[in-house]
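Please keep the sequence and the model at hand while reading.

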Amino acid sequence: MSAAEAVRGRLVRRGDADYEEARIGRVFNARKPDRYPAAILEVADADDVVAGVRLAIEHGWDVSVRSGGHSWAAWSVRDDALLLDLGSLRSIEYDDATGIVAAGPATMGALELTPFLAERGRAFPGGHCATVGIGGYLLQGGQGWNGRAQGWACESVVAVDVVTADGEHVRADAGQNADLYWAARGAGPGFPGIVTRFHLQTYALPEAMWHDTWTFRLDDAEAVIGWLHRVLPTLDRRVEPVMAATRLPDVPLYDGVEHPGGTVLLLHATCMAGSEEEARNLLAGLGDCPVAGRELGRATGPTTVADESIAQTAQNPEGYRYAVDCAWTDAPAEVLAPLLLDIWRELDTEHSFSIWYGWAPARALPDMAFSIEGNVYVATYLIYPDAADDGMYRERVHSRTAAIARAGGVGVYLGDTDFTARQDRFLSPEHYARLEEIRARRDPAGRISGYLTADREGLNIHA
């Protein structure tokens, strides 16, 4: 039987009538890539991934992989490659005895995995954006709900089922194929294989989730940022403080207070705890706001991941073009605040937003590929409808973020990067070298497409 005859999923070749839909139909960013795979295989199951790799070997094609389609740069869409679309791999199975859930890479963390586990009294730190597939999310590290307390989501990956570059289906964990297990936790698109299933350690579902949300004028940014930097090292790890510069009108406002128009600051702190009282007390660790009394509104109360997902979806709408960049930074507040204001004052579309996310690493990371984090995570999402504005918004987001990277930045998180426009360090130098050794050993022909970059030699070099 030929490799093509072994394929059970839908194979769409360039030139077929439905090629364009298969190529970019599941790319979230409306700024679609100008790259054209030789073919797209919409796999039927994990065995079909094996058949797809062997088909690529037979034709001399590279292999690219799509799980959820949320990469801003659409890393999965590569010229002349075989794109393996894993959209059908979204089964979920839970083992009561071990607390381990096995899930396919296209499973959506917040919309599918979270409610499945909640019905069983369990939880996992799924992604903030509701429709993101867990495949790319976990391979890149996994910055998710309750992450300051539970750690990076990839730390809770106990095993992965992988199709290797030569078409073998293997299990990788701490005891077998340990090099692939190490790489699967942080390598992102540089992982030298295709994950068909993740095995994840789950946790007891917290009894309560609470939020404390403030709305401030943009003019109060420096005072609020200074406050957050002072209190961040003292906050309980269960408190997640995020400040967003946003133009959306649906923000807390006191009765009789009108939205000032334009960009405002939304401080949204969440906490998962053993009770509502405990959550409220932990959120009180934010202390006294230096501009209390000048806020435009404030709301506090119970929330859920489902409620938070609704808000995230409103801020990240489908059908728009996205230009995105990020930076981890250890810069002090007095250095960071003016650079953030340079970005925030320029937000000029309804959905564009930019976040300050207080992380404050407090422990050494386990031995895994993921290895870059900083005191604060900054990410900017310029969201707009018109293709004619691509150049302007891409230049703006990358140049402004580069300024932060030069002033106390330590690197980037792969999930919010576009290496075709700006590159930075995403792994420690030692871990990057180790990953390159694994890639060379596991995929000597370079069949798995790897990082999409404008400068291969400039990868993982800090700005």
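Leaving out residues up to four places away in sequence, N316 touches F28, W72, C129, Y322 and F353, where contact means heavy atoms within 4.5 Å. The model is a predicted one: local features need pLDDT of at least 70, side-chain atom pairs count only at pLDDT 80 or more, and totals for chains, interfaces and linings use all residues. Residues are numbered from 1 along each chain as its sequence is written, and side-chain values use heavy atoms, with hydrogens and water left out.

N316 sits in the loop between α10 (305–315) and β16 (321–329). Helices (H or I, at least four residues) and strands (E, at least two) are DSSP runs, numbered from the N terminus. The relative accessible area of N316 is 7%, so N316 is buried; the term means under 20% relative accessible area, with exposed over 50% and partly exposed in between (1.4 Å probe, protein chains only).

**Cysteines**

How many disulfides does the structure hold? There are zero, a disulfide being a pair of cysteine sulfur atoms within 2.5 Å. C129 is in no disulfide, and the nearest cysteine sulfur, that of C326, is 15 Å away. C154 is likewise in no disulfide; for C154 the nearest cysteine sulfur is that of C326, at 15 Å. C154 is buried, with a relative accessible area of 0%.

Helix α8 (residues 221–231) is mostly covered, with eight of its 11 residues buried. These are A221, V224, I225, G226, W227, L228, H229 and V231. Their cover includes the strands β12 (208–217), β13 (239–246), β14 (264–273), β17 (353–358) and β18, together with helix α11 (333–344).

L341 lies in helix α11 and counts as buried at 3% relative accessibility. Apart from neighbours within four places in sequence, L341 is in contact with L218, A221 and E222. L341 and A221 are 120 residues apart in sequence, yet 7.6 Å apart in space, C-alpha to C-alpha.

**Cavities and pockets**

On a 1 Å grid over the protein atoms alone, a cavity is a set of points where a 1.4 Å probe fits but cannot get out, and a pocket is an open set with protein on both sides within 12 Å along at least five of seven lines; lining residues have an atom within 4 Å of a point. Grid points are joined across faces, edges and corners, and a volume is the space filled by probe spheres set on the points.

The structure holds three cavities of 30 Å³ or more. The largest cavity is lined by I343, E346, L347, T380, L382, R396, V397, R400 and T401. At least two lining residues come from each of β18 (376–384) and α12 (390–406).

The second largest pocket has 24 lining residues, of which T114, A118, L205, M272 and V305 lie nearest its centre. Two or more lining residues come from each of α4 (109–118), β7 (122–123), β12 and α10.

**Annotated region**

The unreviewed UniProt entry annotates residues 33–205 as "domain: FAD-binding PCMH-type". Over residues 33–205 the chain is 24% helix and 26% strand, and the end C-alpha atoms are 40 Å apart. UniProt positions are given in the numbering used here, feature names are shortened, and annotations may be inferred rather than shown by experiment.
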